[in-house]
Amino acid sequence: MEKVEAFVEEYLKVFSNPCDVDFTWYNMIRAELLRKTVQQAEGVLDVGCGRGEVLLMLSKQIGWGVGVDISEDDIVTAENTRKKQGIKNVEFRHANALDLPFALSTFDVVLCLGDVFGYFNLNEQHDRVLSEIKRVLKNDGLTVYEGMNWAWEYKVSPYWTCFSRTDDGSFCFGRNKRTASGRETSRTYEVVPETPLHEWILQQDWPVSPQGYNTTLDVVEKKPIPERWLKFQGANSGQYYTSHALKRKYKNNGFRNVKVCAYGQTYDIVNKAGLLETVGQWKPELAKAEAEMIFKLRMGSGPWIFLVARG
Ligand SMILES: C[S@@+](CC[C@H](N)C(=O)[O-])C[C@H]1O[C@@H](n2cnc3c(N)ncnc32)[C@H](O)[C@@H]1O
């Protein structure tokens, strides 16, 4: 028994836990960019709205808005939050981005934010989503995309391993491999209950995004995890885009004036320089400054892509 415990202790030293990644920073910059981009628009659609935070945030400055999502649970949560906040010019509906339940030229602005394209059920169907967005957007209306910057992700971590939680309380482990062309392949395993690995996971602090979505626990697997602690569940793959490829995709789908920038670099530089605690008190000001700088939509080099185009 002592031998096992010693092994576990030694083994677990190889994990690093970057729980200090600060999603709040990205969120502040995104909120600033969105407020300024959307301005006083009349009708706004949010495709893949999740729990509705963005539309609720924008509700004071827009005429009316609809948020749609494939997750019925998220729509219920969004509706409950809307009611609690007493917001009347926004509604949330269950719908699929592949088949938007709206007539031609209904909206002045269509948003598609938070890496909706990264969902496996949309893989290979991104052109279909874009043609749906184009159809429901008024002529010359504005569309906004926000998601992962592939060039950044690939450069920073071509291999990525993480734990995630499922709704039934069990844990999964994912081994993800990325290629420069934007293909990500994931092999998923269930963590076998009552193993030392399972015990270890239960003791960890998990990073939580302001929206509560990013609940993966990233780790570095320097030695392969013993097979008896994991049960293979299956493999999957997804397509991501560099900023240039995304721009091309929008153009090929008939969008005009496509402008794209990457953001989040200020946070990364500050974090890497170990200055987060020192400058932390000025976070809102720094986030605003970054948003103002990139609002002109110059190409940046940060971990997130922000794209605007006309229909
Ligand atoms: C990471 S969340 C982003 C939520 C929100 N847009 C934000 O940025 O805070 C991605 C959302 O896309 C939704 N989604 C995935 N596939 C979809 C589909 N086919 N139709 C509509 N929504 C979809 C998911 O349910 C999830 O709520």
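Domain bounds here come from an automatic or database domain assignment.

**View 1. Two domains in a predicted model.** The protein chain divides into domain 1 and domain 2. Domain 1 covers 2-20 + 156-238. Domain 2 covers 23-151 + 241-310. Their C-alpha centres lie 28 Å apart.

**View 2. Residues around the ligand.** The shell around the ligand holds 21 residues. G48, G50, I70, A97 and G114 come nearest. By class, 10 residues of the shell are nonpolar, seven are polar and four are charged.

**View 3. Pairing of strand 6 with strand 9.** Strand 6 spans residues 159-165. Three bridges join strand 6 to strand 9 in the antiparallel sense. C162 stands opposite D218 of strand 9.

**View 4. The buried and exposed residues of helix 9.** Helix 9 runs over residues 265-272. Its buried residues are T266, Y267 and V270. Seen down the axis of helix 9, these buried residues fall within an arc of 100°, so they line one face of the helix. An α-helix has 3.6 residues a turn, so residues three or four places apart point the same way. I269 and K272 are exposed on the other side of helix 9.

Conventions:
Residues are numbered from 1 along each chain as its sequence is written. This is a predicted model: local features need pLDDT of at least 70, side-chain atom pairs count only at pLDDT 80 or more; totals for chains, interfaces and linings use all residues. A residue is near a molecule or strand if its C-beta atom, placed from the backbone, lies within 6 Å of it. Ala, Val, Leu, Ile, Met, Phe, Trp, Tyr, Cys and Pro count as nonpolar, Asp, Glu, Lys and Arg as charged, and the others, Gly among them, as polar. Two strands pair if DSSP finds at least two bridges between them. Helices (H or I, at least four residues) and strands (E, at least two) are DSSP runs, numbered from the N terminus. A residue is buried if 20 or more other C-beta atoms lie within 10 Å of its own, exposed if 12 or fewer, and partly exposed in between; C-beta atoms are placed from the backbone. The arc is that of the directions from the helix axis to the C-beta atoms.
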